[in-house]
There are 2 protein chains.
Amino acid sequence: MTREYNVAILGATGAVGRRMIEQLEQSSIPVKSVKLLASARSAGKKLKFKDQELIVEETTPESFEGIDLVLSSAGGSVSKKFLPEAVKRGAVCVDNTSAFRMDEDVPLVVPEVNSEQLKHHHGIIANPNCSTIQMMMALEPVRKKFGLKQIIVSTYQAASGAGQAAIEELKKEAQAYLDGKDMQADAKILPTKGDKKHYPLAFNLLPQIDVLEDNGYSHEEWKMIHETKKIMLNDMNSQDIKVTTTCVRVPVPISHGESIYFTVEDENATTDEIRKAIANFSGNVVEDDIKNQIYPQPINAEGKRETFIGRIRPDYENKGAFNMWVVSDNLLKGAAWNTVEIAEYLVKMDLI
Amino acid sequence: MTREYNVAILGATGAVGRRMIEQLEQSSIPVKSVKLLASARSAGKKLKFKDQELIVEETTPESFEGIDLVLSSAGGSVSKKFLPEAVKRGAVCVDNTSAFRMDEDVPLVVPEVNSEQLKHHHGIIANPNCSTIQMMMALEPVRKKFGLKQIIVSTYQAASGAGQAAIEELKKEAQAYLDGKDMQADAKILPTKGDKKHYPLAFNLLPQIDVLEDNGYSHEEWKMIHETKKIMLNDMNSQDIKVTTTCVRVPVPISHGESIYFTVEDENATTDEIRKAIANFSGNVVEDDIKNQIYPQPINAEGKRETFIGRIRPDYENKGAFNMWVVSDNLLKGAAWNTVEIAEYLVKMDLI
């Protein structure tokens, strides 16, 4: 008989949490029961899993009694507080926050890239940052076939990376702008909730995602650099692949864009070979037909699990160097889907 | 007695043309008379120069009789047709289209960078592409002091680069989106007027500016590469500075953003020295105070003549390599102001 799992979704009412419910509904995981957990403020809300109406409960350590699998996206401090409690009670946790990503004994996993790492888990598996995941999807087939030397990436990140409230803020500001009103009054969250100043994103660009650190990088930029190394090289400080990043928030609700410049070890690699390697990688869709103006766009990627790659072309002045443009739904492959996909692999690999 | 100039503005009714009028009003050029020229469709419209009401006239070769200075922004084909006629009649033309930019005997000028080139003009001076100009402003002080080896740039370009109608299109689409309606019906110009397919820009990203060429680059990307070499090295095909580009249209009405990665010859150059060199360059404003969340934003740059530079920081894994974020009003320093500024230099340098 197939084993069935008792699943808890922590942070069930957020933009990612709601999508975790949807992705779990569509997954291959045999689900016995679903428990929706959130803060006291959200407790009592009703949400559906398939045809079943569920009432959101306030999270306590005891919430995890009898739970086999936790999918978590309620913020770093919530994960830090509750996931050890869940592990203590025998659950395996897939965490979409940054709480444990850099812990040495916590695998940081994009299933198509490094599912082998799941074998070393001790109860917690971390889901990488959204902007890291889609970059890994596009670059791992390149690394495997041609070797990767350097990555220089500029991101075009959607408001939803800062949650559902940031989408609403963007829309409010946009309406104010179109009505000829001042947008500043609506700027309460972005660029990042925890910081002092807030700026409008609508019809604007904000080169700050997460807090800015003393080294000059934003925390988001720092995460992309070190998560890439941990995923591809199992060492967050390795210089085997050099990475630098500039992260910018753009007035788009859902789906991140990334302009990625990369150099490969095999200097004879051709654009066609690189395009083919990317296209053959599970989870990737190459949209790269310039004659017909086909290239990835956020409005087309929204709601899809895949990572879309286009505008692949050489840097004609540097052998082994290329540019490409990558778009993916930051709430799905960048968050909810990658989390549920990790859980699917845990089940398939008999690691839960 | 100071010489006074008869000035014609070609393409006076467009987004750039209207700003040329404003910039000329505020310039140091002694203006005797202003003639506003446009297509037959726009003839008869009334516009003001200072307190004077002027009627827009249809452009003919005879329009340029008695004109000393032409400021032109009516599209490449119009420039090709009429500017030689104006030169024949003794006028000096500053052209904001791409018509003559790559002609060997036409100087391509950002006054702060290469005003010396004005001395070699034969009646036509070309204004570079908007995205090239602000990159030159940010990088020329770096090149002069530390030597430039490589530029890798990703652009975040405003709708107004495609004209006033593209701004209106963006706003219409945004309102449709906020009203829950389909945006496709409003997509008639972008990504580029001359191409087959049109896509919504509102709440979206379009990695196509101008037409896509067989080499995989868009024409905008090609322009940034070759104009940079012509401006900095006087040779559009030189490899002394290697340049590669990815150009993306973003849902912003006015002001382009650019994420620029660059490497310098002097590997001991520090971030502080680079910041200082950029700040001391006339026309630049450094907005780079991360403790106080100060960095360039399009909504702050709009309406200003300066180029704003921030987020300057090293690539910690490559000596002599840096990232920065540059924003400027694409219709002013990127177009109308740079054009009028060239004319100011022509007057000052006694070249007209």
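The model is predicted: local features require pLDDT of at least 70 and side-chain atom pairs pLDDT 80 or more, whereas totals for chains, interfaces and linings use all residues. Residues are numbered from 1 along each chain as its sequence is written, chains are lettered from A in the order in which they are written, and side-chain values use heavy atoms, without hydrogens and water.

**Symmetry**

- Chain A is superposed on chain B by a rotation of 180° with 0.0 Å of shift along its axis, at an RMSD of 0.0 Å (least squares on the C-alpha atoms of residues with pLDDT of at least 70 in both copies).
- The two copies are therefore related as by a two-fold rotation axis.
- Both copies use the same surface, since 100% of the contact residues of chain A recur in chain B (contact means heavy atoms within 4.5 Å).

**Interface between chain A and chain B**

- The contact involves 69 residues of chain A and 69 residues of chain B.
- About 6,000 Å² is buried between the chains, 53% of it on carbon and sulfur atoms (the accessible area, with a 1.4 Å probe, that two parts lose on being put together, summed over both).
- Between chain A and chain B there are 8 salt bridges (a side-chain nitrogen of Lys or Arg within 4 Å of a carboxyl oxygen of Asp or Glu).
- One salt bridge pairs Glu221(B) with Arg313(A), whose closest N and O atoms are 3.5 Å apart.
- Another salt bridge pairs Asp214(A) with Lys291(B), at 3.1 Å between the closest N and O atoms.
- Asp214(A) lies in the loop between helix H5 (164–178) and helix H6 (219–233) of chain A, and Lys291(B) in the loop between strand E12 (284–286) and helix H8 (298–301) of chain B, so the pair joins two chains (helices, H or I of at least four residues, and strands, E of at least two, are DSSP runs numbered from the N terminus).
- Asp214(A) and Lys291(B) are both exposed (buried means under 20% relative accessible area, exposed over 50%, partly exposed in between, with a 1.4 Å probe and protein chains only).

**Salt bridges within a chain**

- Over all chains, the whole structure holds 38 salt bridges.
- Glu112(B) and Lys333(B) form a salt bridge, with the closest N and O atoms 2.9 Å apart.
- Glu112(B) belongs to helix H3 (residues 111–114) and Lys333(B) to helix H9 (residues 332–348) of chain B, so the pair ties together parts 221 residues apart in sequence.
- Glu112(B) is buried at 15% relative accessible area, and Lys333(B) is buried at 1%.
- A network of salt bridges links Glu62(A), Glu65(A), Glu85(A), Lys88(A) and Arg89(A).
- Glu85(A) and Arg89(A) meet in a salt bridge at 2.8 Å, N to O, and Arg89(A) is partly exposed at 24% relative accessible area.
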